[in-house]
Amino acid sequence: MPTTVTVSDMACGGCETNVEEALLALAGVERADADQAAGVVVVEGDAADDAIRAAIEGAGYDASL
């Protein structure tokens with residue numbers, strides 16, 4: 001089941017790429033689709049919510065599940 005995460009401060013396609021790459025580096029993440037216009041990223045896989053949040057915040061963005 002996909003997890004939708006609200007991500008603050010994404011302002012461009014580069015931001016989307018940064019968030020997606022940070023998530024795809026996590027074990028258990030199969031797919032990550034960020035949408036800066038909507039302010040969300042949809043994550044597929046079995047990574048823990050805390051790990052997802054930490055990866056996004058580590059990339060420099062605020063995340064809320």
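**Around helix α2**

The buried residues of α2 have β1 (3-8), α1 (13-24), β3 (40-45) and β4 (62-64) among the elements that cover them. Keep in mind that this is a predicted model. Below, we look at α2 itself and then step back to the chain it belongs to.

- Helix α2 runs over residues 49-58, and its buried residues are Ile-52, Ala-55 and Ile-56.
- Those three sit on the same side of α2, because the arc they cover around the axis is only 95 degrees.
- After α2 comes Gly-60, with a positive phi near 100 degrees.

**The chain as a whole**

- Two helices and four strands make up the secondary structure of the protein chain.
- Follow the sequence along and the pattern reads β-α-β-β-α-β.
- The protein chain is as compact as a globular protein of its length, since its radius of gyration is 10 Å, close to the 11 Å that the globule rule gives for 65 residues.
- Its C-alpha trace spans about 25 × 20 × 20 Å along the principal axes.

**Contacts and surface**

- Take the contacts in the protein chain with a separation of 6 or more: 55% of them are between residues 24 or more positions apart.
- Of the 65 residues in the protein chain, 29% are buried.

Terms used: Residues numbered from 1 in each chain as written. Predicted model: local features only at pLDDT ≥ 70, side-chain atom pairs only at ≥ 80, totals over all residues. Heavy atoms only, no water. Rg over C-alpha atoms; globule rule 2.2 N^0.38 Å. Buried < 20%, exposed > 50% of the residue type's maximum accessible area, 1.4 Å probe, protein only. Contact = heavy atoms within 4.5 Å. Arc of directions from axis to C-beta.
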